[in-house]
Each structure stands twice: as structure tokens, then as C-alpha cells.
Amino acid sequence: MNEVAQRLEEARARVAAAARASGRAADAVTLVVVTKEVGLDAIRAALAAGAHDLGENRAQELVPKAEALAGEPAPPRWHFIGRLQRNKVRAVAPHVALWQSIDRAELAAEVGRRAPGARVLVQVNLGGEAQKGGCEPAATGVLVEACRAAGCRVEGLMTVPPAAGDPAPVFAGLRAMADRLGLAECSMGMSHDYEVAIAQGATMVRIGSAIFGPRPGPGAARR
């Protein structure tokens with residue numbers, strides 16, 4: 001558990017340094033600690049070390065974790081960061097502070113119905129990969145308006161770049177798109193590329209394995 005605290009502090013320091021290098025304040029970038037397949041003991045260690053924002057990409061993991069950690073001295077703010085089926089929205093709605101992966105109007109409508117006034121990010125698939133969530137870049141503006149019509153507060157955009165190749169152009173593209181739409185937040189960058197994302201204007205980065213180490217598998221997450 002000490003290793004979790006040390007890695008979190010290292011990540012926090014690197015995020016702050018990258019923010020300063022991009023001409024912004026050290027606290028201009030939110031570090032979302034990704035807890036996919038991570039057990040409760042390790043998550044509690046991260047909370048004790050000062051983590052505030054946690055990210056989950058599976059409804060079946062978020063709900064039991066959120067319920068188990070609701071009584072902590074400083075309960076976390078949960079971000080839903082994965083592909084989400086409409087029939088799972090009701091279960092996670094009481095726990096989610098920011099919905100980062102809104103990729104279609106039908107999902108936005110369900111989130112707006114279950115969580116009126118929900119804070120959301122529109123996920124954009126800039127890499128064009130069929131296996132990843134996100135709307136087509138050309139449809140982003142329309143989806144932003146659909147989210148607003150559904151009663152959601154659109155705060156920005158999110159993307160996951162292709163695993164291969166230089167992610168910088170993808171990150172720059174998302175930042176430019178957000179600026180054109182008048183949106184402040186850009187959630188982009190993970191454990192292996194978050195400093196590149198910050199250099200291109202990220203305001204949120206999603207870091208998991210750099211803090212918790214390799215994922216232990218879903219069985220460990222239930223312990």
C-alpha cells in the first residue's frame with residue numbers, strides 16, 4: 001500500500017510539472033485515478049494518499065466499489081470512463097459525478113432522464129477504431145446539442161487514441177475541437193502518454209497502471 005501512495009505522489013508531481021511546462025498552473029490538470037480491476041485495499045490507500053477523483057469503466061465494478069467507499073472520511077468523486085449500455089445507467093446514476101463516455105444521443109437521453117443536470121463529456125473516436133467507443137468527429141457538435149437537449153451539462157470532450165503511433169496529433173485535434181465548440185474540458189492521456197496529452201491541452205488525465213501497477217484481474221477487484 002505504501003507503493004500506491006508513492007506512485008500516486010510521483011504521478012501527481014509529473015502531472016504538475018507537465019502543466020507548468022505547458023504554461024499553466026500546476027493544479028490546472030485533474031488526475032483521475034483509474035481503479036479498473038483494482039481491489040478496495042489499494043483504492044483506500046490511494047484515497048488516504050490524497051486521491052479525490054476515481055474512474056471506472058464497468059458498471060458492475062463501479063456500483064459495489066462506490067457503495068463500499070461511501071463511508072470513507074473523504075468519499076471519492078466517481079467518473080464513468082468506459083462504454084456504457086443504456087440499461088446500466090440506472091444502476092450507476094446515483095454514484096457518478098462526471099460521465100466521460102457519452103457517445104450517442106440515446107445514451108445522453110437515458111443519462112438525462114436518470115440524472116437530470118448530469119455533468120458529461122462527449123467521447124470522440126478520432127482514431128476511427130471500430131472497437132473503441134466515441135462518436136465520429138463530424139458528429140460531435142450534433143451530439144453536444146443532443147446532450148444539452150436531454151438536460152445534461154456538457155463540460156468538454158474525451159478521447160482514447162490508437163495504441164500505435166504518435167498520440168500527439170489526436171490530442172491536438174481534440175483540443176482544437178473543444179475550443180471550436182467553446183468547451184473547457186479535455187479528458188485525454190493515460191499512464192503511458194499523459195504528459196504528451198497535457199502538452200497538447202489536456203485538462204484531465206486518466207491514470208491507472210502507473211499508480212497501481214499491472215492490473216491484477218477482476219477477481220482481485222472484488223476483495
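**Entry 1: What I am looking at**

I note at the start that this is a predicted model. Every value I write down here is computed from that predicted model.

**Entry 2: Salt bridges**

I began with charge. Side chains of opposite charge can pair when their charged atoms come close. How many salt bridges does a search of the whole structure find? I got 17 salt bridges.

Glu-9 is partly exposed at a relative accessible area of 44%, and Arg-12 is partly exposed at 29%.

Next I took Asp-53 and Arg-77. They form a salt bridge in which the closest N and O atoms are 2.8 Å apart. This pair links distant parts of the chain, 24 residues apart. Asp-53 belongs to strand E2 (residues 53-56) and Arg-77 to strand E3 (residues 77-80). Is Asp-53 buried or exposed? I have it down as buried, because its relative accessibility is 9% and the cut-off for buried is under 20%. Arg-77 is partly exposed, with a relative accessible area of 43%.

I also looked up Glu-129 and Lys-132. Their side chains meet in a salt bridge at 2.9 Å, N to O. Glu-129 counts as buried at 18% relative accessibility, while Lys-132 is partly exposed at 21%. The two values fall on either side of the cut-off, since buried means under 20%.

Salt bridges link Glu-37, Glu-56, Arg-58, Glu-61 and Lys-65.

**Entry 3: The largest pocket**

I turned to empty space. Rolling a probe the size of a water molecule over the atoms shows where empty space is left. The largest pocket holds about 580 Å³ of space. Its lining is made by 25 residues. Which of them lie nearest the centre of the largest pocket? I wrote down Asn-57, Val-160, Met-190, Arg-206 and Arg-215. I then sorted the lining by class and got 10 nonpolar, 9 polar and 6 charged residues.

**Entry 4: Arg-206**

I followed up Arg-206, one of the residues nearest the centre of the largest pocket. Arg-206 is found in strand E8, residues 204-207. Its relative accessible area is 3%, so I list Arg-206 as buried. Leaving out residues up to four places away in sequence, I found that Arg-206 touches several residues, including Val-32, Val-34, Gln-100, Met-158, Val-160 and Met-190. Thr-159 is also among the residues Arg-206 touches. The backbone oxygen of Thr-159 lies 3.0 Å from a polar atom of the Arg-206 side chain. I also checked a separation: the C-alpha atoms of Arg-206 and Ala-109 are 25 Å apart, and the two residues are 97 residues apart along the chain.

**Entry 5: His-79**

I looked up His-79 as well, which has its place in strand E3. His-79 is buried, with a relative accessible area of 2%. What does the side chain of His-79 make a polar contact with? I found the side chain of Gln-100, at 3.0 Å. Not counting residues up to four places away in sequence, His-79 touches residues that include Val-32, Leu-54, Leu-98 and Met-204.

I found 15 residues in its lining, with Arg-12, Val-29, Thr-30, Leu-31 and His-52 nearest the centre. Helix H1 and strand E1 (30-34) each supply at least two lining residues. Which element gives the most to this lining? I noted H1, with 4 residues. By class, the lining divides into 8 nonpolar, 3 polar and 4 charged residues.

**Entry 6: The cavity**

A search of the whole structure gave me 1 cavity of 30 Å³ or more. The largest cavity holds about 40 Å³. Among the residues lining it are Val-34, Lys-36, Phe-212 and Arg-215. The lining divides into 3 nonpolar, 3 polar and 2 charged residues.

Terms used
Residues are numbered from 1 along each chain as its sequence is written. This is a predicted model: local features need pLDDT of at least 70, side-chain atom pairs count only at pLDDT 80 or more; totals for chains, interfaces and linings use all residues. Side-chain values use heavy atoms; hydrogens and water are left out. A salt bridge is a side-chain nitrogen of Lys or Arg within 4 Å of a carboxyl oxygen of Asp or Glu. Buried means under 20% relative accessible area, exposed over 50%, partly exposed in between (1.4 Å probe, protein chains only). On a 1 Å grid over the protein atoms alone, a cavity is a set of points where a 1.4 Å probe fits but cannot get out, and a pocket is an open set with protein on both sides within 12 Å along at least five of seven lines; lining residues have an atom within 4 Å of a point. Grid points are joined across faces, edges and corners, and a volume is the space filled by probe spheres set on the points. Ala, Val, Leu, Ile, Met, Phe, Trp, Tyr, Cys and Pro count as nonpolar, Asp, Glu, Lys and Arg as charged, and the others, Gly among them, as polar. Contact means heavy atoms within 4.5 Å. A polar contact is a pair of N or O atoms within 3.5 Å; within protein, one must be able to donate a hydrogen and the other to accept it, and residues adjacent in sequence count only if both atoms are side-chain atoms.
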